Amino acid sequence: MNAPSKIAASFDAEKARADFEILSRTVYGKPLVYLDSGASAQKPRIVLDTMRDFAQGEYANVHRGVHFLSAAATDRYEAARRTVQTFLNAAREDEIIFTKGGTEAINLVSYSYLAPLIQPGDEIVLTVMEHHSNIVPWHFLRERAGAVLKWVDVRDDGSLDIEALDAAITNKTKLVAVTHMSNVLGTVTPLKDIIARAHAKGVPVLADGCQGAVHEKVDVQALDVDFYVVTGHKLYGPTGIGALYAKRAHLKGMRPFNGGGEMIREVMKDRITYADAPARFEAGTPPIIETVGLATALDYLSGFDRAAVAAHEHDLLTYAREQLRQFNWLRVIGDAPGKGAIISFEADGMHAHDLATILDREGVAVRAGHHCAQVLMERFNVASTSRASFALYNTRADVDALVAGLSKARGILT
Amino acid sequence: MTDNALRELYQEVILDHSRHPRHYGALDHASHKAEGYNPLCGDKVTVYLKLDADGRVGDIAFEGKGCAISQASASMMTDMLKGRTAEEAEKLMQGFLHLVKGEDASDLPEDDRERLEVMGGISEFPMRVKCATLAWHTYKNAVEEGAT
């Protein structure tokens, strides 16, 4: 039952686990089984050590001082930008904008890129499986500028109907905003195809990679994506830091986002000129230590054979799916072919929160609720689901603990 | 230890109330009504009241969707509030709020405390206290702002 997976031979999850100190702790006297990495991943020791070492040895504000530490910190900060560039295979480093996270990155595109282009009646195409962070910024444009949100449905198995998406793109469409991987269903969208079809109609595409970039290698040039969004804390990095990739051609015409220091060229009493990207979009002192932490996390992740990590996660998903099949009172929501390592489910007679509470006391951390995806909950006619999400440090033993916990919950609640 | 806490939280009375909620459904000719929503978990409850001229809870009902705790709490609440004067109802609510937060609830009348004791286990689960209090806060909103 616990035999290590053969396909993941070139990735040793047990060894990787040792990099994450928190995974050796207990909760309520039980070993921690962390199945909530889709909400936020744990951080390996090297990320935490590097952040502390940097703060203790090289820290100062960036881009400001002429002194030694300021130069050192600026070097690290800009090196981090190149790390993100490499991670996403962007053509240029100035196509990488640091943000607070995925949410801010999408709000930036909404405000700086799309808002000035929207006329009443213009359309934004999005799918019903978007996270609220890829919905609400577009609602703002509906409320404030008369944009029309066009929703593309998913099939009952959670897969995206590419033809339906294609059909939703009209000559009024100004942007397609789509997730790379659903945080609830695990569905991985055919980004390359989506982008090709949108571009054939002259429409740019924003891809929310907050989940997707964690689980597969992203190549923004090969995808030809216009905007790609990542967040640090799901990528084994710290909170408070994320990044927006945007094509240089778009960045050039985009108005500034936040106003403040760092993003200007010249400020006078009666006029102002702005810095070029990326500085134009990075007003104020950035989260410098976190940026260094993000770069370390990306290096950590890139240090593995990503395909082998993906195979390991896929093995966990397949194993969990098989194990859960024994419960005829449990319904998995989202079974799209090629989906990522996330399983959402609802159980007869057991509300997700009651289930999560009982699992919690077994040491098993899962997510319960609407997962910031209420439009999707409505689509599947559920108020909430329980969700187990897997990361590189999870093992089949974690799945076994989940399954045992579910049996126990069933015994208590029904 | 852990199991005891769980068993106490999900004891039979609670599960019974959640599976077979009392006073469930809309109330025709309600004098007061309010909707409660917990955006964190998506739990929803609507409380309907028929308040007498003197403020007594003449009739009460609820509708909603949610976890066992929120449904059981709403069901027990309707059971216990029916027929109470405004003052008694307020006292009961305050006592209940103290109880589920693990605070001193000795101001509750003896038999009320005995009936509500089954909800006391929630104080061990701070993340779930909101589930238990949703219906009560919604009742309060209905009284104060929900005149139909």
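Here are a few notes on this predicted model, going from the sheet to the helices and then to the chain contact.

1. Start with the sheet in chain A. Seven strands make an open sheet with mixed pairing, in the order 4-10-9-8-7-5-6. Strand 4 (96–99) and strand 6 (148–152) of chain A sit at the edges, each pairing on one side only. On average, neighbouring strands are turned by 20° against each other, direction ignored.

2. Inside that order, have a look at strand 8 (residues 205–208) and strand 9 (residues 227–231) of chain A, which pair in the parallel sense over three bridges.

3. Helix 4 (residues 102–114) of chain A lies across strands 4, 7, 8, 9 and 10, and runs at about 35° to strand 10 of chain A. Helix 7 (residues 191–200) of chain A lies across strand 7 and strand 8, running at about 160° to strand 8 of chain A.

4. Next, a helix pair: the axes of helix 2 (residues 45–57) and helix 11 (residues 288–302) of chain A come within 9 Å and cross at roughly 145°. The crossing is right-handed. Residues meeting there include A:I46, A:M51 and A:F54 from helix 2, and A:I289, A:V292 and A:Y300 from helix 11 of chain A. The contact residues split into nine nonpolar, three polar and no charged.

5. Lastly, the two chains: 15 residues of chain A are in contact with 14 residues of chain B. On the chain A side, helix 13 gives the largest share, five residues. That side divides into six nonpolar, seven polar and two charged residues.

Conventions
Residues are numbered from 1 along each chain as its sequence is written. Chains are lettered from A and ligands numbered from 1 in the order in which they are written. This is a predicted model: local features need pLDDT of at least 70, side-chain atom pairs count only at pLDDT 80 or more; totals for chains, interfaces and linings use all residues. Axes are lines fitted to C-alpha atoms, for helices over the stretch in contact, and angles run from 0 to 180 degrees between N-to-C directions. Helices (H or I, at least four residues) and strands (E, at least two) are DSSP runs, numbered from the N terminus. A crossing is left-handed if the near helix is turned anticlockwise from the far one by less than a right angle, and right-handed if clockwise. Two residues are in contact if their C-beta atoms, placed from the backbone, lie within 7 Å. Ala, Val, Leu, Ile, Met, Phe, Trp, Tyr, Cys and Pro count as nonpolar, Asp, Glu, Lys and Arg as charged, and the others, Gly among them, as polar. Two strands pair if DSSP finds at least two bridges between them.
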